[in-house]
Amino acid sequence: TAPNYVYDLKFGLSLLSENYLCFAAVIMDRYQEQPHLLDSHLEWMLNMLLKLIRDEKSPPLLVHLGFKFLYIISKVIFVEGTTWETRYMLLLWLSMTCLIPFDLSRLDGHLNSEPGLNREPIMDRILAVAKTYLRVSDKSRDAASVLVSKFVTRPDVKQKRLGDFLDWTLTTISQASDLTMEGTVTLDGALQSLAQLFKHGKREDFLQYAPTVLQCLDQKKIAESSLAMLRKLGVKVVQRLGLTFLKPRLAKWRYQRGSRSLAVNLAQSTAAGKVLDAKPELESGSREEDYDIPEEVENVIGKCSSVLAHHFLHTSLLLSCFSFQETDNAWHGGCLALAELGRRGLLLPSRLSDVVPVILKALTYDEKRGACSLGSNVRDAACYVCWAFARAYDPSELKPYVNQIKTSFTKPVSIKILPGGTFPHGIDILTAADYFAVGNLNNCYLTISVYIAGFEEYTKPMIDHLVSRKINHWDGVIRDLATKALHNLTPQAPDYMAKTVVPQLLSMATGMDLHGRHGAILACAEITHALYKVGAEIPVISKAEVLIELLFNHCVWICSLQEAAVSALAALCEEYYQLQPGVADTHMQEQLVSQYLAALRSPEVLTRCGCALALGSLPRFMIHSKLQQVILDSLQEACRMTQKEGFAEARRDAATAMARVCVTAGVCAQGSPDSAVCEKNVTAVYEALLDCMNDYITDSRGDVGAWVRAAAMTGLLDLTLQVAGSAPELLSPAICQRMMCCLAQQAAEKIDRYRAHAGSVFLQLLHSTQPVVPHIPHREELLSIFPPHSAESLNWNAASQAFPHVSQLLRLPVYQYHTLLGLAVSVGGLTETTVGVIAQHTTTTCKVKAVSVPFLKMLDQILANSCFELFVSVENHPFCVELLSLCKEEIKKSKDIQKLRSCVAVYCGLILFQGDVRKKILVQLMMLLCHPFPVIRKATASQVYEMLLTYDDVIDAAVLDDVMTVLSDTNCDLTTVRSHRNQLCDWLGVLRSLQYLSKLWMITICCVAIERKTCFSKTGQDRAKNIQFNFLLKFFKVKRLFRVISEYFYWSIHHEIFT
């Protein structure tokens, strides 16, 4: 049907419009730089589009689509969901129509010829349309301002409507506010129309209105607006007003380069100097406008200066913008202003000596701001200044400054506007390094820089610029590319690189700037490699130890370099620090070892890491006679955990280094402890590594102690296999037992990566046959659990495969405790067969702080799964009583939220035990209901609520609903929760906390009184008892009395006072 056809057509056109518009925009954008290539095709394209637009049968969507295509074409040929493109093009067409050479009144005909019709003149209708679209918020506002400038400046219109339109514009500006969106749009349109009018209108027509317009703008204070666009338009209007006030003349004192004709220049190739044209053509100024940059402040300075006398132009004021106290905006604006002055001939050659040094600084301007840098706009503006100067001045005027400027243009990005005719090889360079070629950083640094440096004038300046400006850049990518560029440039100047550049880099490598140190080290490596490839001599290799020293004392923040530095240090020592094979240079040995040992106590964690790795990489002859006395003692100290210092990375690398040093030194049972691992130091080494296995330090990154444990496991494997192969008698049963138990503990933990590593080390030691590790406890049972043929198929990363094997270790008495610790951290993988083991080892496990929270969580799961049903039927079972006391002790004075919440869950799980212990558990829960932390109060109320729902024998059914209501509705504010807590104590049949304490206080007072009566006759103790009694009475109401009374009560019982 027709409606469906129309709908389908609209839908199809909407899809076509999106697809074809994108396609057309991509094609037309390719002609942005050379739009004249489209001139031969414009006629058929426009005719086809206009035919669609004029066709009355074309649907509205097709008409709008045609206008959108017209806009795309106009954006390329001329300037830049809705139909604004249609309105934009229609307004531009109307502005072109307004240029007809005859009076518009002829189009009106006889307006009053037909009675009853009141038609407006064409002039008023066009002005009404322009005023309407000056207030819209889309691109049509710009076209409306163009329409106003073309229409109002017509001879017939300006006589009748110019004053009225200016009055309307000034009234609009006065009434509009820049604080609202509507007011901002209105001000924008009015200011644009004023700027266009004063630009295209004649001076004599607008001079009489200029003071009024300036007064209106001054009262409106456009320059103080918070919107940059309004301030920019205000500057434009003020510029036009200034040119209106000033007489139209060209400054006689301005610099004139002379003829710009290529034919004349070729014919007069020997001509140079200044040519003063007494009668300059005004068309030359209009031709220069084709090169004009956006009309901002620099245009104001350039145009206004062109009509001023020479003594009014103070370049020094402009040069004040180029201070490092100024922002990048001041530098950018100053460069643009200098370019404008130079291009218009208003900057005399005598001032170039002051301007060129400033431009050289602007060409390398780069200011770091956070994670990025500012200055690309300043550098581009400085390039524009050089472009303008090369075209504005005679080559002889610029000749003294060419060498300075060309060396600054060795910066890859700056070369994109390099003026070709003035600088050496400029045309060749511009051909290879065009705008698009330098846009790719890799191509720019690695290819174009080599081509430019191929010209002798640019070789050393290019190298110097990379060394001074780029290898210390804040961006690591730029530093890396700069060093690779130096590698590529080395074949062109190998002697200069070896004798001049490398010594500079070595001095930079010991500076304070981290980026400079990094870049200098990379540059030394790249240049050295390049010198080696070209076969050049490297005379500075004797200073290579400076780099090695730097890597471990200053540049250790760059972690990626440490491993490479480790291997470099070993190679350096082998090559330069031994007098003969196996004999070290004692001076260098003492200097190097003492330096690294001193840095092991550095407050910087990565400095410790680098120096520990450096000690671990030393060859055997460098650690000879210093093994025990210096190296092992320091590394063992670095492995120890401290309360205040984290330094997990340092302990990890110290453990790794200690194992490497021992493996490098070798094993000799009866040898010297300063030269090899022997019976005098092997125990200390194993003690240090095994202590690292108990590192459970955590921070914001998580379990960082796992890094230390993994390094210790690797070190134990390497050291044990070497000791077992060389001197197995050094491995005592105690060492082997503790080592295997610690590995079993790590193999039962929850982190897959470390569990797999521990399991691999455990099985390698167990299955090792060459050599065989002696004294492994329960070797036969372990081989039955982990048979050699199935060890490779066991996936330790999978908990479903690992834990069934690990849980079998609980049957072996030696491994029970450590396996249980590992499982407690994992909080899983337990069965009912482990209940007896838990009961046996609970007391000691809770004392291990690193696993207390995981152990409490594991207890919660065990209690929830009814794994203690064997003890539930026995009233006041010792296991439950002891576990309750341990939990109370664990959370005593604790502020750890996780620990407190876990303990609440354990209390609620212990409620299933019968006897008086249940009352004690309820007392502890009631006390936690009034804990100072709101989150603990809420968690306790929630857990008790769930507990009472689960165990219905805890409370009388008659008051169950009341208890549930109080627990669910209680406000957690501490001032109101106490009364509810006391009510719950009454319902649960337990003493309130104050009653409980009062009862203890009364018992204690009675005990004291009995004791006084018993000891009254003992004159030797009477005075002491009086002092104790008075002490208790004095602190009877003090908050800490409970502890004092409890201790006194305990003392009295042990002295049999109650008898």
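The structure is a predicted model, in which local features need pLDDT of at least 70 and side-chain atom pairs count only at pLDDT 80 or more, while totals for chains, interfaces and linings use all residues. Residues are numbered from 1 along each chain as its sequence is written, and side-chain values use heavy atoms, with hydrogens and water left out.

Let me begin with the overall picture. The protein holds 53 helices and four strands; these are DSSP runs numbered from the N terminus, with helices being H or I of at least four residues and strands E of at least two. Of its 1059 residues, 46% are buried, where buried means under 20% relative accessible area, exposed over 50%, and partly exposed in between, with a 1.4 Å probe and protein chains only. The accessible surface amounts to about 54200 Å², and carbon and sulfur atoms account for 56% of that area. Accessible areas come from the Shrake-Rupley method with a 1.4 Å probe, and for residues only the protein chains shown count as cover.

I turn to the interior. A nonpolar core is a set of buried Ala, Val, Leu, Ile, Met, Phe, Trp, Tyr and Cys residues joined through side-chain atoms within 4.5 Å. The largest such core has 93 residues, and the members touching the most others are L635, F762 and Y815. Helix α35 (residues 705-726) supplies the largest share of this core, 11 residues. Which residues does L635 contact, leaving aside its neighbours within four places in sequence? They are L600, A612, L615, A654, A657, M658 and V661, contact meaning heavy atoms within 4.5 Å. A second, separate core of 60 residues includes L49, F151, V213 and L217.

The expected span of a helix is 1.5 Å times one less than its number of residues. For the 13 residues of α43 this gives 18 Å, and the end C-alpha atoms are 18 Å apart, which agrees. Buried residues in α43 include F855, L856, L859 and I862. Just after α43, S866 adopts a positive phi of about 60°.

Next, the charged pairs. Side chains of opposite charge can pair when their charged atoms come close. The whole structure contains 22 salt bridges, each defined as a side-chain nitrogen of Lys or Arg within 4 Å of a carboxyl oxygen of Asp or Glu. One of them joins D138 and R87 at 2.4 Å, N to O. D138 lies in the loop between α6 (122-133) and α7 (140-152), and R87 lies in helix α4 (residues 84-97), so the pair ties together parts that are 51 residues apart in sequence. R87 is partly exposed, at 24% relative accessibility.

Finally, the surface. L207, L214, V238 and F245 make a nonpolar patch of about 290 Å². Patches consist of residues with over 30% relative accessible area and no salt bridge, with like charges joined within 9 Å and nonpolar side chains (Val, Leu, Ile, Met, Phe, Trp, Tyr) within 5 Å. V238 belongs to helix α12 (residues 228-245) and is partly exposed, at 43% relative accessibility.
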